Amino acid sequence: MNDPVPGIGVAELGTALRVGGILIDVREPDEYVQAHVGSARLVPLQNVPQVMAELPGDAPVYVICLSGGRSHHAASFLRSQGIDAVNVLGGTAAWMRAGLPYVSGSDPGELEASDTDQR
């Protein structure tokens, strides 16, 4: 099976982020607050269509979740819309297992203002 969504490992992601790569985390806010890659912008999966216009069209956008499933779905959708989205293989769990730095909590401005999740 040939997967049309490219993937990147966490070590390669670290390199991409050091040179200015864009990373979006498509998990839910409560998951994000527990632990996330420091530069990751929270965009819950259901909000991805609303932020497409804010994503660069001329550079890769890296997409992460906990283990890679939701981010694969989001990256596939973004690619279908012409955005060069790349799935982070193994997600935040792999990032943490690799001993890479992560943060907890929510910095101001990282939560989407349009996130009006009403469960």
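Visitor: What order do the strands take in the open sheet?
Guide: The order is β1-β5-β4-β2-β3, five strands with parallel pairing. At the edges are β1 (7-8) and β3, each pairing on one side only. Two strands count as paired if DSSP finds at least two bridges between them. Strands (E, at least two residues) and helices (H or I, at least four) are DSSP runs, numbered from the N terminus.

Visitor: Before we go on, what kind of model is this?
Guide: This is a predicted model, where local features need pLDDT of at least 70, side-chain atom pairs count only at pLDDT 80 or more, and totals for chains, interfaces and linings use all residues. Residues are numbered from 1 along each chain as its sequence is written, and side-chain values use heavy atoms, with hydrogens and water left out.

Visitor: OK. How many bridges join β2 to β4?
Guide: Four. Strand β2 covers residues 22-25, strand β4 covers residues 61-64, and the two run parallel. Start at Ile22: its bridge partner in β4 is Val61. Then go to Ile24, whose partner in β4 is Val63.

Visitor: And how many bridges pair β2 with β3?
Guide: Two, again in the parallel sense. Strand β3 is residues 41-42.

Visitor: What holds strands of a sheet together in general?
Guide: They pair through backbone hydrogen bonds, either parallel or antiparallel.

Visitor: Switching topic. How many salt bridges does the structure hold?
Guide: Four. Each is a side-chain nitrogen of Lys or Arg within 4 Å of a carboxyl oxygen of Asp or Glu. One of them joins the side chains of Arg27 and Asp25, at 2.8 Å from N to O.

Visitor: Is Arg27 buried or exposed?
Guide: Arg27 is buried, because its relative accessibility is 3%. Asp25 is buried too, at 0%. Buried means under 20% relative accessible area, exposed means over 50%, and partly exposed is in between (1.4 Å probe, protein chains only).

Visitor: Which residue does Arg70 form a salt bridge with?
Guide: Glu31, with the closest N and O atoms 2.9 Å apart. This pair links distant parts of the chain: Arg70 sits in helix α4 (residues 69-80) and Glu31 in helix α2, 39 residues apart. Arg70 is partly exposed, at 28%. Glu31 counts as buried, because its relative accessible area is 19%.

Visitor: How far is Glu31 from Leu66?
Guide: Their C-alpha atoms are separated by 8.3 Å. Along the chain, Glu31 and Leu66 are 35 residues apart.

Visitor: Back to Arg41. Where do Arg41 and Glu54 lie?
Guide: Take the bond before the places. The side chains of Arg41 and Glu54 meet in a salt bridge, 2.5 Å from N to O. Arg41 lies in strand β3 and Glu54 in the loop between α3 (48-51) and β4, so the pair ties together parts 13 residues apart in sequence. Arg41 is partly exposed, with 24% relative accessibility.

Visitor: Now the inside. Which residues in the largest nonpolar core touch the most other members?
Guide: Leu13, Leu23, Val37, Tyr62 and Val88, out of 16 residues. The elements giving two or more residues to this core are α1 (10-18), β4, β5 and α5 (91-97). Helix α1 gives the most, with four residues.

Visitor: What is Leu13 in contact with?
Guide: Ile8, Leu23, Tyr62, Ile64, Val88 and Trp95, leaving aside neighbours within four places in sequence. Contact means heavy atoms within 4.5 Å.

Visitor: One last residue. Where is Asn87?
Guide: Asn87 is in strand β5 (residues 85-88). Asn87 is buried, because its relative accessible area is 4%. Its contacts are Val5, Pro6, Gly7, Ile8, Val63, Gly68, Ser71, His72 and Ala75, not counting residues up to four places away in sequence.

Key: A nonpolar core is a set of buried Ala, Val, Leu, Ile, Met, Phe, Trp, Tyr and Cys residues joined through side-chain atoms within 4.5 Å.
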